[in-house]
Amino acid sequence: MCGIVGYLGHRQAVPVLLQGLERLEYRGYDSAGIAVIDSSGLKITKSAGRLTELKARLNGHLDGATLGIGHTRWATHGRPTDTNAHPHPDCSGRFAVVHNGIIENYQELRQWLKAEGHTFLSETDTEVLAHLVEHYYRGDLLQAVMAMLPHVKGSYAVAVIGKDHPREIVGVRYDSPLIVGLGREETFLASDIPALLPYTKNTYILDNGEVAYLSPEGPRILDGTGHLKQKQVFHVSWDLEAAEKGGYPHFMLKEIHEQPRALRDTLAGRLDPASGRVKLDGVRLTPEEAKAIRKVALIACGTASYAGMVAKYVWEKLLRLPVEFDVASELRYRQPLMDEGTLGLVISQSGETADTLAGLREARRLGARILAVTNVVGSSVAREADDVLYTWAGPEIAVASTKAYLTQVAAVYLLALYLGTARGEAPWAAELARELSVTPSKVEEVLALEDRFRELAARIAPHEHAFFLGRGLDYAVALEGALKLKEISYLHAEACPAGELKHGPLALIEDGTPVVALVTQEELVEKMLSNIREVKARGAWVLALALEGNRAVAAEADCVLYLPRLHNLLTPLVSVVPLQLLAYYTAAARGCSVDKPRNLAKSVTVE
Ligand code: F6R
């Protein structure tokens with residue numbers, strides 16, 4: 001996820017671009033840059049780090065320009081460095097491109113362009129676009145961009161300018177947002193509405209495949225074949241704060257809704273559903289190295305560790321490899337048994353969590369190979385690991401992790417496919433890959449039930465205790481559900497392996513105590529039904545989450561929410577979503593500070 005802006009009009013472009021980027025920093029903030037055209041040509045200024053670094057570098061330069069494009073980056077391909085920051089130029093320095101999204105076939109394009117004589121400066125996927133424009137340019141900027149599009153696979157919102165076209169900007173959109181802002185004798189481009197709000201509330205929201213051609217005559221919107229389209233003006237009625245959250249009242253809810261996109265991006269270009277093979281750029285274990293792994297040790301904290309617990313169930317079952325589950329703060333002090341045959345599986349959204357980093361270093365000292373799953377390119381975890389698989393969730397602003405967790409779990413499945421194939425033991429791969437590829441739409445189906453969760457949360461909100469029961473993979477998800485509820489609603493929530501109830505926790509069940517029972521694991525349904533009966537007999541109010549078609553559970557629970565059917569090992573990708581929504585609406589009903597819960601911080605960089 002990144003933010004892009006563009007401006008063409010009568011104002012000084014630089015302050016407009018910088019203000020727009022400031023409002024898009026929630027989409028990424030590891031580097032930033034702008035390109036403008038003034039009387040002396042096309043100028044690019046960019047810098048790693050926050051926008052303040054770029055401002056310091058600009059320091060009043062380029063003030064004469066009235067046209068430009070800008071970018072704030074959330075690195076996906078290539079570390080957050082000055083060179084990898086956007087805008088990217090072509091070889092001749094005549095064009096500059098900013099991009100939000102992922103170009104899936106960039107490696108093929110890069111090879112082809114190199115063979116054509118193009119020289120690449122950065123490690124990004126985006127740079128191919130600048131060279132493609134150069135390749136197809138015959139004196140018409142719009143035509144060059146249109147000619148490039150059929151060759152590009154993936155998601156993109158792109159803005160392009162050219163030195164010899166000082167009053168033109170071309171924007172295109174496919175699966176990444178792009179909005180045109182309509183001013184008086186001025187036009188804006190932006191990834192999101194907040195960047196436009198100081199100047200205009202009238203916009204065109206581009207649809208997939210549409211091209212925006214900005215010139216002093218005003219914007220023209222074209223389809224992919226160059227035909228003019230009639231667009232409806234969308235008038236923004238929100239205030240700035242609401243707009244930054246995409247109209248959602250909290251970042252957490254916005255991030256919950258971003259999950260289908262985050263999941264798609266994390267799987268995109270990596271998964272071949274037909275063969276079950278995966279291509280994971282930063283993971284370089286050879287088949288020999290994969291076969292030499294004797295055990296896996298998880299190194300993670302909190303929500304990330306619960307994503308790791310999914311690896312314990314799934315990898316042990318599919319790969320027949322032992323996975324030791326521990327939170328990093330315990331692991332680092334218990335003299336763990338690791339050696340060269342150990343794979344340290346580090347999972348961290350931020351890549352900066354102090355205990356996780358210390359666990360990683362301890363595992364390395366003992367000889368383990370480190371495989372990291374992280375959301376932040378260039379983070380400490382990414383730099384110190386041997387192999388890295390990035391989750392492409394985009395920046396997560398709410399303290400309570402949602403989309404990062406979901407993409408970490410997706411990474412667990414991608415790695416199962418990778419390791420299974422490398423170890424030569426994956427007869428299950430094609431089926432798992434096929435089913436994994438359709439999980440984003442299953443998440444969408446669950447999100448469509450949102451109103452139900454609001455009603456159910458009202459049932460939970462007045463209580464001080466809640467229990468989450470599950471067996472097997474459902475227990476791993478129950479842990480995450482309980483953590484979500486306690487951290488944002490301040491309600492005491494406990495996850496319990498359902499079979500353990502009668503060994504203690506059952507004593508806490510009273511009349512009306514809310515119990516959420518996860519019943520997605522086919523071979524454990526009967527056992528779960530008995531556990532539901534146990535808590536019901538003590539007065540609990542039971543909400544069950546079950547897969548479509550499981551009628552038996554309806555006879556036992558007070559309320560059942562049905563989830564779309566899917567492969568039994570993939571259920572965490574879908575069953576966690578109702579728990580996130582329940583936590584969210586319970587916290588909202590209790591009037592809690594959802595995005596910034598008391599006593600907590602987004603990134604825990606102290607022990
Ligand atoms: C809870 C949550 C935390 C983090 C934990 C690790 O919603 O977000 O439990 O999962 O602090 O953080 P990262 O993943 O950044 O290492």
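The points below take up the basis of the model, the pocket, the ligand, the cavities and the backbone in turn.

1. Basis. This is a predicted model, in which local features need pLDDT of at least 70, side-chain atom pairs count only at pLDDT 80 or more, and totals for chains, interfaces and linings use all residues. Residues are numbered from 1 along each chain as its sequence is written, and side-chain values use heavy atoms, with hydrogens and water left out.

2. Largest pocket. The largest pocket holds about 1,000 Å³ of space. A pocket here is an open set of points on a 1 Å grid over the protein atoms alone, with protein on both sides within 12 Å along at least five of seven lines; a lining residue has an atom within 4 Å of a point. Grid points are joined across faces, edges and corners, and a volume is the space filled by probe spheres set on the points. The lining comprises 42 residues, and R27, D175, S176, P177 and R261 lie nearest the centre of the pocket. Two or more lining residues come from each of β6 (95-103), β7 (154-162), β8 (169-174), α7 (251-257) and α8 (259-267). Helices (H or I, at least four residues) and strands (E, at least two) are DSSP runs, numbered from the N terminus.

3. Make-up of the pocket lining. Domain 1 (3-243) and domain 2 (248-437) each supply at least three residues to the lining of the largest pocket; the domain bounds come from an automatic or database domain assignment. By class, this lining has 16 nonpolar, 14 polar and 12 charged residues. Ala, Val, Leu, Ile, Met, Phe, Trp, Tyr, Cys and Pro count as nonpolar, Asp, Glu, Lys and Arg as charged, and the others, Gly among them, as polar.

4. An oxygen atom of the ligand is 2.6 Å from an N or O atom in the side chain of S350.

5. Ligand burial and shell. Of the 410 Å² that the ligand exposes when taken alone, the protein buries 89%; accessible areas come from the Shrake-Rupley method with a 1.4 Å probe.

6. Cavities. The structure holds two cavities of 30 Å³ or more, a cavity being a set of points where a 1.4 Å probe fits but cannot get out. The largest cavity has a volume of about 60 Å³, and its lining has nine nonpolar, two polar and no charged residues. Among the residues lining the largest cavity are V5, L17, F188 and Y199. The second largest cavity, of about 30 Å³, has a lining of four nonpolar, no polar and four charged residues, including K254, E255, E258 and K403.

7. Backbone. D175 has a positive phi of about 65° although it is not a glycine, and D175 is found in the loop between β8 and β9 (179-182). A cis peptide bond, with omega about -5°, joins H86 and P87; P87 lies in the loop between β4 (67-73) and β5 (88-89).

Methods. A polar contact is a pair of N or O atoms within 3.5 Å; within protein, one must be able to donate a hydrogen and the other to accept it, and residues adjacent in sequence count only if both atoms are side-chain atoms.
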